[in-house]
Amino acid sequence: MSLIQFTLFFFIIFLHNSKTVTSSTSFIAPITRDPSTELYTITISFKTPLQSTNLLLDLGAKFTWIDCTPDSYTSTTHRYIPCGTNLCASLTSLACSNCFRPTGPGCHNNSCALFPENPVIKNPGQLGVVPDFVASCSDNSLLRGLPDGVSGLAGLGRSNYSLPAQVSSVYASPNIFALCLPGVSSASSGSAFFNTGGPYYFFPGIDLSSHLVYTPLILNPIGFTIITYYGQPSDEYFINVTSININGKPLEFNPSLLTIDDDGFGGTRLSTVTPYTTLETSIYNAFIQAFVNESAALNLTVTDAVSPFEVCYAASDVYSTPLGPAFPVIDLVMHSEDVFWRISGANTMVSVAREDEDGGDVWCLGFVDGGEKPRTSVVIGGHQMEDNLLQFDLVSMRLGFSSSVLVHDTNCASFNFTDDPGV
């Protein structure tokens with residue numbers, strides 16, 4: 001599809017507000033969770049005249065794409081990128097696009113072409129201003145399977161043309177962004193922060209950046225999407241998980257599965273388009289067995305499963321805590337034993353209402369079998385990221401993670417939009 005340039009506007013920008021952010025070019029955009037698809041959308045504004053637009057939030061995507069069909073896209077300021085230009089070459093385009101209908105957004109002769117991808121169906125296909133923002137055009141067939149009202153995809157991957165990279169470049173600011181995905185029970189939005197390392201104040205005046213723990217971001221040398229060319233490294237975010245503990249006890253499985261091999265297989269990746277964490281089959285089997293055993297020590301007995309989950313418990317048997325239902329604690333241990341991402345009840349379990357009247361509601365373990373030979377051994381999904389602050393620092397190449405912010409008596413829907421962090 002054709003590449004275009006236009007002016008991008010963020011939904012909200014905080015200027016000269018030292019109590020909220022430290023940079024005058026720091027931006028924030030709301031994130032919402034779609035219950036029907038269990039995916040996340042980010043709201044920004046672009047086009048001329050200005051239009052608020054919902055885009056699928058894809059943490060690992062190389063670039064942003066939008067629906068440019070004539071009845072969906074109108075803008076007086078878009079410009080196509082010609083083939084043969086330095087900008088087109090820097091995008092590693094493999095083709096030139098020609099147009100067989102009246103020219104307009106997404107349809108220009110001799111235009112630089114990329115192939116946008118729908119990560120769900122796997123098809124290739126006072127405001128702050130970001131001028132000359134580069135995005136790819138698509139037609140509306142690529143919207144299939146995405147949340148209603150979405151007009152495209154916001155790519156937050158490691159490429160130079162991702163959303164955070166372009167915002168950082170325009171303002172010569174550090175390429176640092178953070179996500180706080182709203183929880184499943186929240187009716188309010190979470191937040192995405194760009195060009196700032198904090199502080200991030202959440203009600204009732206808690207700076208969550210002070211609770212971040214850091215681990216290196218790992219480069220996977222081999223990308224796997226259809227828009228990764230010439231053996232380029234992956235645009236997705238990998239971290240160095242070295243073991244998985246349940247109630248402090250390490251799982252037993254082949255540890256080499258947690259390292260990335262020369263062909264790009266293995267390791268641990270973060271994904272906002274994977275609803276629940278997936279584990280390679282041998283890891284999953286060890287995980288399930290250990291979790292069931294530790295739950296039995298809490299006098300919890302497995303009941304009938306509800307697809308896609310395999311381990312469920314009657315909700316009536318489970319105690320509630322401030323961190324969600326009372327179940328065994330899961331730790332993803334990083335490069336050091338004292339650096340771990342703790343996953344508690346609200347992020348471990350999924351509440352499921354049974355369809356039959358006599359069954360009663362259940363809590364199901366929100367992890368799924370990723371198969372025997374997956375590309376990535378552990379994919380941390382959106383449910384496990386909800387109500388966790390995650391900071392992606394592309395300057396220091398590290399991930400900052402808070403574990404559940406519920407332990408601080410706040411949540412990702414409680415970002416403080418006022419000047420006073422104590423409000």
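Leaving out neighbours within four places in sequence, Asn 388 is in contact (heavy atoms within 4.5 Å) with Leu 179, Cys 180, Leu 181, Trp 341, Asn 347, Ser 402, Ser 403, Ser 404, Val 405 and Cys 412. This is a predicted model, in which local features need pLDDT of at least 70 and side-chain atom pairs count only at pLDDT 80 or more, while totals for chains, interfaces and linings use all residues. Residues are numbered from 1 along each chain as its sequence is written, and side-chain values use heavy atoms, leaving out hydrogens and water.

Let's stay with Asn 388 for a moment. Asn 388 belongs to strand β34, residues 388–393; strands are DSSP runs of E, at least two residues, numbered from the N terminus.

| From | To | Distance |
|---|---|---|
| Asn 388 side chain | Glu 386 backbone oxygen | 2.8 Å |
| Asn 388 C-alpha | Leu 212 C-alpha | 9.9 Å |

Leu 212 and Asn 388 are 176 residues apart along the chain.

Now to the cores. A nonpolar core is a set of buried Ala, Val, Leu, Ile, Met, Phe, Trp, Tyr and Cys residues joined through side-chain atoms within 4.5 Å. The largest has 62 residues, and Leu 270, Phe 287, Trp 341 and Phe 392 touch the most other members. A second, separate core of 13 residues includes Ala 178, Tyr 200, Leu 389 and Cys 412. Trp 341 and Cys 412 are also among the contacts of Asn 388.

Definitions and conventions
Helix = DSSP H or I, 4+ residues; strand = E, 2+ residues; numbered from the N terminus. Polar contact = N/O pair within 3.5 Å; in protein donor to acceptor, adjacent residues only side chain to side chain. Buried < 20%, exposed > 50% of the residue type's maximum accessible area, 1.4 Å probe, protein only.
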